[in-house]
Amino acid sequence: MEYLDMDQYYQDSGRPELCEKLFIESLNYIKEKGYTIELYQKKALLNHLTEMIKRDNVHKQITIEDKQIFSEIASDSIKIAKRIVDQLKNISDEESYLLAVHFEVVKLN
């Protein structure tokens with residue numbers, strides 16, 4: 001992933017420093033766990049973080065109608081996702097479930 005490519009995502013978030021921080025935190029967690037992340041997964045993760053920050057900027061809350069669909073996500077994935085989501089003040093905790101999916105998927109690599 002080229003720097004310019006990442007920088008565009010950071011800028012699109014409206015809060016580039018925060019976006020970069022959350023992306024690096026996510027990648028560090030993945031690395032610490034010994035998982036590998038493919039380029040397309042990095043892009044999907046960074047896109048998700050960018051859009052999540054955009055929602056935070058405008059106080060847009062998402063609602064998950066059926067949380068049961070996330071029942072097989074491991075607690076460690078939800079925990080890191082919640083730690084990242086908690087750094088944003090204007091979005092719902094339900095964002096953690098969606099973000100956790102990215103951490104679960106890299107476990108399959």
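Because the model is predicted, local features are reported where pLDDT is at least 70, and side-chain atom pairs count only at pLDDT 80 or more, whereas totals for chains, interfaces and linings use all residues. Residues are numbered from 1 along each chain as its sequence is written, and side-chain values use heavy atoms, with hydrogens and water left out. The predictor's confidence in each residue is given by pLDDT, on a scale from 0 to 100. For the protein chain the mean pLDDT is 93, and 96% of the residues reach 70 or more. Helices are DSSP runs of H or I with at least four residues, strands are runs of E with at least two, and both are numbered from the N terminus.

The largest nonpolar core contains 28 residues, and those with the most contacts inside it are Leu49, Met52, Ile84, Leu99 and Phe103. The elements that contribute two or more residues to this core are helices H1 (3-12), H2 (16-32), H3 (39-57), H4 (75-85) and H5 (95-106), and the greatest contribution, six residues, comes from H2. Such a core is a set of buried Ala, Val, Leu, Ile, Met, Phe, Trp, Tyr and Cys residues joined through side-chain atoms within 4.5 Å. A residue is called buried under 20% relative accessible area, exposed over 50%, and partly exposed in between, as computed with a 1.4 Å probe on protein chains only. In soluble globular proteins, nonpolar side chains tend to be buried together.

Helix H2 has 17 residues and reaches 24 Å from its first C-alpha to its last, close to the 24 Å expected at 1.5 Å a residue, where the expected span is 1.5 Å times one less than the number of residues. Its buried residues are Pro16, Leu18, Cys19, Leu22, Phe23, Glu25, Ser26, Tyr29 and Ile30. After H2 comes Gly34, which has a positive phi near 85 degrees.

In helix H5, the buried residues are Glu95, Ser96, Leu99, Ala100, His102, Phe103, Glu104 and Val106, and what covers them includes H2, H3 and H4. One of these residues, Ser96, counts as buried because its relative accessibility is 3%. Contact here means heavy atoms within 4.5 Å, and when residues up to four places away in sequence are not counted, Ser96 touches Ala81, Lys82 and Val85. With neighbours within four places in sequence likewise left aside, Phe103 is in contact with Ser26, Tyr29, Ile30, Ser77, Ile80, Ala81 and Ile84.

A search of the whole structure finds two aromatic pairs. The ring centres of Tyr29 and Phe103 are 5.4 Å apart and their planes stand at 85 degrees, so this pair is edge-to-face. It links distant parts of the chain, since Tyr29 is in helix H2 and Phe103 in helix H5, 74 residues apart, and both residues are buried. The pair of Phe70 and Tyr97 is tilted, with 5.6 Å from centre to centre and 35 degrees between the planes. Phe70 lies in the loop between H3 and H4 and Tyr97 in helix H5, so this pair ties together parts that are 27 residues apart in sequence. Phe70 counts as buried at 9% relative accessibility, while Tyr97 is partly exposed at 25%. For these assignments, rings of Phe, Tyr and Trp (its six-membered ring) pair if their centres lie within 6.5 Å, and planes under 30 degrees apart count as stacked, over 60 as edge-to-face and the rest as tilted.

Helix H3 holds Asp56, which is buried with a relative accessible area of 2%. The side chains of Asp56 and Arg15 are joined by a polar contact of 2.6 Å. A polar contact is a pair of N or O atoms within 3.5 Å; within protein, one atom must be able to donate a hydrogen and the other to accept it, and residues adjacent in sequence count only if both atoms are side-chain atoms. Residues up to four places away in sequence not being counted, Asp56 touches Arg15, Leu88, Lys89, Asn90 and Ile91. In the loop between H3 and H4 is His59, which has a positive phi of about 60 degrees although it is not a glycine; His59 is exposed, with a relative accessible area of 52%.
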